[in-house]
Amino acid sequence: PLFVGANKVDLLPVDHSSSRVQDWVLQECRSFAGLQRLRNSDVHLISARTGQGVGRLLDSARALAAKRGCDIYVVGAANVGKSSMLNRLTNSHGDSGQASKKTKKKGKTQAAPMKRGITTSPLPGTTLDLVKMDVGGDVALYDTP
């Protein structure tokens with residue numbers, strides 16, 4: 001099974017048609033990558049920077065992985081935002097010294113310390129080895145170089 005996360009959707013014009021972009025990504029995957037069995041529902045438009053669509057992509061992948069008893073691997077070209085997307089999932093930021101997540105305390109949202117995220121960089125090749133993350137149940141998610 002395969003899901004495609006088309007990252008950087010936040011850079012598209014605000015009046016873009018999500019369905020047209022999704023259809024274009026699907027056609028490109030079929031034409032150039034030979035992914036004929038890929039369905040429209042397998043293509044997710046996401047933004048690692050803003051978090052748009054990232055949760056839905058993880059939910060889809062996690063549900064399928066749990067059903068099949070397998071893990072999730074995030075693969076793609078160098079420097080397209082794989083690690084940034086995974087940091088967004090965990091609400092951590094690998095390029096900062098202190099990662100945080102938001103918590104509610106007495107009706108106010110506060111930053112709470114959290115494990116440091118995956119290191120990110122504007123330079124390709126920052127992820128040097130597989131990075132394993134627990135995403136619940138018996139499912140692990142791997143960031144790849």
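Q: Which strands does H3 lie across?
A: This is a predicted model. In it, H3 lies across S3, S6 and S7, and runs at about 145° to S7.

Q: And the sheet itself, what is the strand order?
A: The order is S3-S7-S6, in an open sheet of 3 strands with mixed pairing.

Q: Which strands stand at the edges?
A: Strand S3 (72–74) and strand S6 (131–134). Each has a single partner strand, so one side of each is left without a neighbour in the sheet.

Q: What does the twist average from one strand to the next?
A: The average is 25°.

Q: Back to S3. How many bridges join S3 to S7?
A: There are 3 bridges between S3 and strand S7 (residues 140–143), and the two run parallel.

Q: Which residue in S7 is the bridge partner of Ile-72?
A: Ile-72 is partnered by Leu-141.

Q: Changing topic: at what angle do the axes of H2 and H3 cross?
A: Helix H2 (residues 54–68) and helix H3 (residues 82–89) have axes that cross at roughly 90° and come within 10 Å.

Q: Which residues make the contact?
A: From H2, Val-54, Gly-55, Leu-57 and Leu-58; from H3, Met-85, Arg-88 and Leu-89.

Q: How many of those are nonpolar, polar and charged?
A: The contact of H2 with H3 has 5 nonpolar residues, 1 polar and 1 charged.

Definitions and conventions:
Residues are numbered from 1 along each chain as its sequence is written. This is a predicted model: local features need pLDDT of at least 70, side-chain atom pairs count only at pLDDT 80 or more; totals for chains, interfaces and linings use all residues. Side-chain values use heavy atoms; hydrogens and water are left out. Axes are lines fitted to C-alpha atoms, for helices over the stretch in contact, and angles run from 0 to 180 degrees between N-to-C directions. Helices (H or I, at least four residues) and strands (E, at least two) are DSSP runs, numbered from the N terminus. Contact means heavy atoms within 4.5 Å. Ala, Val, Leu, Ile, Met, Phe, Trp, Tyr, Cys and Pro count as nonpolar, Asp, Glu, Lys and Arg as charged, and the others, Gly among them, as polar. Two strands pair if DSSP finds at least two bridges between them.
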